[in-house]
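Let's take a friendly walk through one protein model, stopping at a helix, a loop residue and a pocket. Have the 3D view ready as you read.

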Amino acid sequence: MKHLYLLIFIVFSNLLNSQSQFELAYYLPKDVTYNKDIPTPQSVLGFDVGEWHVTHDKLVEYMKLLSTVSNRITIEDRGKTFEGRSLILLKVTSPENHSKLETIRTEHLKLIDYKQSNQLEWESMPLIVYQGFSIHGNEPSGANSSLILAYYLAAAQGDQIEELLKNTVILLDPSLNPDGLQRFAYWANTNKSNFLNTDSNDREFHEVWPGGRTNHYWFDMNRDWLPVQLPESRARIETYNNWMPNILTDHHEMGTNSTFFFQPGVQSRVHPLTPKLNQELTKEIGNYHAKALDNIGSLYFTEERYDDYYYGKGSTFPDINGGIGILFEQASSRGHAQETDNGLLTFPFTIRNQFTAALSTLKAAQNMRVKLLKYQKDFYVNEYNQNEKNSIKAIVFGDDMDEARTNHLAEILQRHKISFNRLNNDLSVDGKQFKKETSYIIPTNQTKSTIIKAMFEKRTTFTDSLFYDISAWTFPLAFNLDYAELKTTQNVGEKVKNVELKNGEVTAKSNYAYLMEWHEYYTPKALNKILQKGIRAKLALQPFALNGEQFDYGTILVPVQNQNLTESELYDALKKVTQLSHVKIMGVNTGLTLGIDLGSSYFKTIEKQKIAMLVGNGITSYDSGEIWHLFDQRYEMNITKLDLEYLKTVDISEYTTIIIPSTRIKLDEATINKLMTWVKGGGTIIGYKNTVKWLSSNKFIELEFENSKVDAKNVSFEQKEDFKEAQDIAGAIFDTKLDRSHPINFGYKNDNLAMFRNTTIFIKADSSSYNNPIKYTKTPLLSGYISKPNLEILKNSVPFQVKKLEKGKVIVFTDNTNFRGFWYGTNKLLMNAVFFSKFM
């Protein structure tokens with residue numbers, strides 16, 4: 001008992017002592033004086049930094065106040081999140097620099113133009129540093145430290161800060177993920193005890209699903225720097241391209257029992273497009289972090305665990321832009337104070353480490369300014385020299401049957417300031433046809449040529465078999481677009497200034513029928529609107545020709561007769577649908593065709609859909625969010641999110657389709673029987689990834705799996721974890737063969753489809769070939785890493801199966817068809833499964 005009292009006393013004493021951590025003096029450098037006219041964070045928040053988790057609204061309030069009282073700071077509101085929160089940016093520099101800030105920006109951009117950079121007096125230019133915090137909302141020490149950093153930059157006095165601000169423009173992004181930060185702050189604050197409970201089992205440290213890491217649609221935004229699909233990312237990338245910073249820092253958190261990480265990461269896992277000098281400079285900057293953390297006694301590590309491979313992360317994106325990206329990872333308190341393997345970890349301690357690293361970054365920037373400016377200048381000069389030697393002079397891409405996907409890839413190019421053009425003539429390359437009206441061509445000899453390589457290259461050889469993130473992301477494959485590399489620029493036509501989705505149209509008013517081909521990306525949106533209006537629509541199971549036009553598998557037929565709308569009302573309704581969905585609907589005046597006539601039994605009536613998706617503990621929030629986003633943002637379709645917590649009590653009879661994203665759930669027998677009964681009664685279940693195994697083990701679908709087993713030969717104890725991880729598929733792209741006559745593939749014009757895969761779930765092909773409408777080819781690897789044993793098993797296996805369960809259907813995909821919101825090319829597989837399952 002005496003020992004117990006002693007332990008309680010020690011813990012209580014530590015917590016009392018930690019109260020001093022809340023004071024500004026705990027964070028700030030001791031050898032600096034501060035302007036008393038600058039308000040402290042406490043004066044706005046009503047509490048000291050680290051005492052509570054700051055909410056986004058209070059963070060913004062303080063930053064706005066600083067911009068009104070300090071001549072060193074201006075603030076920009078760059079847009080809104082999905083939940084309407086401001087995406088603010090602070091520009092911090094000397095008052096003199098502020099008076100000529102636009103000139104500084106435009107002069108700095110000349111550094112990346114090899115034609116102008118040699119004429120610049122670049123040695124005297126300010127350095128641009130972008131400091132971003134808490135892109136994962138439940139990694140809040142970064143955003144909370146931005147309060148201290150902003151105060152320091154506004155209030156610090158003396159020659160040191162004056163010199164820093166004279167030679168540096170700081171772009172301070174205090175919250176890269178406002179919605180996630182707000183969500184997590186609410187959780188941490190509402191579960192905080194008055195007498196801090198440091199027991200890791202306490203509810204404070206265990207967020208409810210989906211947690212605060214992600215944005216509104218549960219996306220991991222630190223994977224969206226290259227795809228740029230989210231409003232937060234678009235604002236951030238616009239800022240980046242407007243300034244082209246020399247250093248970008250990305251402040252994160254990691255496991256509670258860790259310490260502190262700063263880059264460089266694992267050297268064998270650096271992407272080949274990243275120059276060697278980039279890593280050398282990163283290491284030199286790292287010496288400043290080491291010294292600063294040594295001074296406050298904080299443990300840290302570097303050159304392990306994290307890597308610089310995938311360019312869609314904040315710390316890696318600058319590496320293809322002539323800058324230095326730096327990742328910081330702080331052990332997370334996940335609340336206010338928690339016991340860890342390294343002792344008591346308090347929230348203020350995590351904030352201080354992040355602030356310390358932010359300051360050491362600025363010190364490195366100041367001392368290495370000329371070196372970093374020269375690196376950026378030389379990066380683009382070297383890029384130009386490489387472009388001159390490069391045999392690939394242009395890349396053409398497009399799809400004459402789907403302008404929307406083509407334009408959405410073009411939009412990404414525009415966001416990255418990549419220049420591209422129209423074709424001056426139709427073009428045929430290796431059997432692929434590119435029409436000048438529906439294709440674009442990218443000259444490779446331009447400023448952003450390294451990003452072009454990163455986006456369009458296919459890579460299948462690697463120096464390492466481990467990846468912190470995915471190993472492939474070839475954009476034209478992700479968008480399922482035809483593309484080709486060209487050795488000449490003779491086909492380059494007019495430069496494209498604006499990319500807009502085409503206007504939809506109904507070609508003619510009809511008193512007989514309307515036809516809509518299924519190729520365009522937004523046809524599911526159009527079909528849903530048609531069905532929701534109570535308009536009867538049918539699906540063509542075979543191709544046909546009419547009035548000189550070819551109509552493929554999956555064409556949608558809308559008869560004029562026997563509708564609830566008059567002929568004119570139907571025409572007006574369809575016109576509105578086409579305008580909202582950017583599709584073309586053709587009016588026809590006869591049912592007689594070459595092929596199946598419009599009255600044929602090969603046209604099947606499509607039912608209006610009511611779709612639900614299971615969410616909650618045990619289900620992958622990323623995959624769920626991507627599906628929600630696809631339905632809600634792209635197709636404007638309702639999808640009801642059914643939480644597993646109350647699934648047992650829900651009447652699911654009204655739903656036609658239930659989607660189960662990847663999961664390892666354990667449902668009780670009654671709930672499983674409920675789902676089984678619903679499917680047998682005519683419902684459709686669509687399961688992804690780990691759900692495939694769950695559906696199989698619970699007798700929803702009968703499947704046969706292949707398993708890869710590799711013996712560990714000549715593998716040491718030290719190497720065992722790396723050996724195990726090398727058997728995973730981190731994320732690669734594979735070629736599949738399509739049976740285009742199967743409804744799951746309606747809307748695809750080519751016989752092959754590139755599919756993303758990051759699981760080791762291998763389904764054996766069915767003995768009947770017609771039950772394998774999507775099948776991996778004999779040489780499936782298109783881009784990325786896969787171990788040889790896994791590749792052998794993957795060959796001729798299938799990523800999709802559908803089987804009947806009495807009146808219903810069970811559909812499974814081994815991998816994510818909606819990956820990170822930019823895998824446009826396989827989105828239609830899910831929509832076909834939703835609308836056409838009845839005909840499979």
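A residue is called buried when its relative accessible area is under 20%. Keep in mind that this is a predicted model.

**A helix**

In helix α11, the buried residues are E232, S233, A235, R236, I237, T239, Y240, N241 and W243. The helix covers residues 231-243, 13 residues in total. From its first C-alpha to its last, α11 reaches 19 Å, close to the expected 18 Å. Just after α11 comes M244, which takes a positive phi of about 50°.

**A loop residue**

Now look for S332, which sits in the loop between β9 (324-331) and β10 (337-340). Is S332 buried or exposed? Its relative accessibility is 0%, so S332 counts as buried. The side chain of S332 reaches the backbone nitrogen of R334 at 3.0 Å. Leaving aside residues up to four places away in sequence, S332 touches N138, E253, M254, G255, T256, Q338 and L345.

**The largest pocket**

Rolling a probe the size of a water molecule over the atoms shows where empty space is left. The largest pocket holds about 770 Å³ of space. Its lining is made of 31 residues, and those nearest the centre of the pocket are Y468, D469, Y622, N758 and R820. Helix α20 (residues 621-634) gives the largest share of this lining, four residues. Here is the lining of the largest pocket by class:

| Class | Lining of the largest pocket |
|---|---|
| Nonpolar | 14 residues |
| Polar | seven residues |

Methods: Residues numbered from 1 in each chain as written. Predicted model: local features only at pLDDT ≥ 70, side-chain atom pairs only at ≥ 80, totals over all residues. Heavy atoms only, no water. Helix = DSSP H or I, 4+ residues; strand = E, 2+ residues; numbered from the N terminus. Expected span 1.5 Å × (residues − 1). Buried < 20%, exposed > 50% of the residue type's maximum accessible area, 1.4 Å probe, protein only. Polar contact = N/O pair within 3.5 Å; in protein donor to acceptor, adjacent residues only side chain to side chain. Contact = heavy atoms within 4.5 Å. 1 Å grid on protein atoms, 1.4 Å probe; cavity = no way out; pocket = protein on both sides within 12 Å on 5 of 7 lines; lining within 4 Å. Points joined across faces, edges and corners; volume = space filled by probe spheres on them. Nonpolar A, V, L, I, M, F, W, Y, C, P; charged D, E, K, R; others polar.
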